[in-house]
Amino acid sequence: EISQLFGEILGLYIYNLWQKKINTNFNLIELGPGRGTLISDILRITKSFDKFHNLIKLNLIEINKKLIELQKKNLQKINFNLKKVIWHNSFRTNSTKPSIIFANEFFDCFPIKQFIKTNYLWNEKKVNFNKKEESLFVYNNIVNDASLISKLDNYAIKYNYTDDQIIEISSKREIYFDKICKFIKKNSGILI
């Protein structure tokens with residue numbers, strides 16, 4: 001939320017993609033809209049494109065009820081019809097319309113695990129709490145799962161990682177991203 005210029009540029013880019021690749025009824029889906037600032041900027045800058053606005057079915061993926069109320073207030077400020085908005089608490093794949101899906105920092109919120117290779121062995125970095133000293137500490141736990149070791153080796157080779165670099169993996173993020181990709185493949189669309 002540094003500048004509304006980011007949202008305006010993204011809005012014009014989304015409009016351009018829609019015009020060139022979809023140009024019909026479509027889902028505009030934001031993953032994790034926060035306070036609704038980005039979607040408000042996008043809708044404000046594209047407001048003069050009547051056909052685009054008339055064909056939007058806006059889907060906001062949000063689990064926080066307080067943020068949903070802020071999103072509603074921000075959308076009302078720009079006079080966007082709230083009847084055209086559907087809030088979901090997870091990504092829904094029941095629509096067959098083409099979709100433009102976008103997210104800003106959404107995938108950063110998924111839990112991760114960190115791994116590092118030391119002395120030719122993969123270790124998972126873990127955090128624990130020392131009750132006696134009332135402090136947190138980091139330690140390495142040797143990975144024994146053969147499939148995970150293979151995945152880490154392949155990842156390290158593919159991205160030229162050295163033994164002292166940390167690899168972050170988020171299984172939940174991968175599952176969520178795969179679900180979105182399958183949806184786009186089935187119904188057409190774009191993910192930004």
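**Notes on the predicted chain**

1. C181 counts as partly exposed, at 30% relative accessibility (buried is under 20% relative accessible area, exposed over 50%, partly exposed in between, with a 1.4 Å probe and protein chains only). Its sulfur lies 18 Å from the closest cysteine sulfur, in C109, too far for a bond.

2. A word on the source: this is a predicted model, where local features need pLDDT of at least 70, side-chain atom pairs count only at pLDDT 80 or more, and totals for chains, interfaces and linings use all residues. Residues are numbered from 1 along each chain as its sequence is written, and side-chain values use heavy atoms, with hydrogens and water left out.

3. The structure has zero disulfides, a disulfide being a pair of cysteine sulfur atoms within 2.5 Å. C109 is exposed, with a relative accessible area of 66%.

4. On the fold, the protein chain holds six helices and nine strands (DSSP runs: H or I of at least four residues for helices, E of at least two for strands). Its radius of gyration is 21 Å, well over the 16 Å that the globule rule gives for 192 residues, so the chain is more spread out than a compact globule. Here the radius is taken over C-alpha atoms, and the rule is 2.2 Å times the number of residues to the power 0.38. The C-alpha trace spans about 60 × 40 × 30 Å along its principal axes.

5. Of the 192 residues, 35% count as buried.
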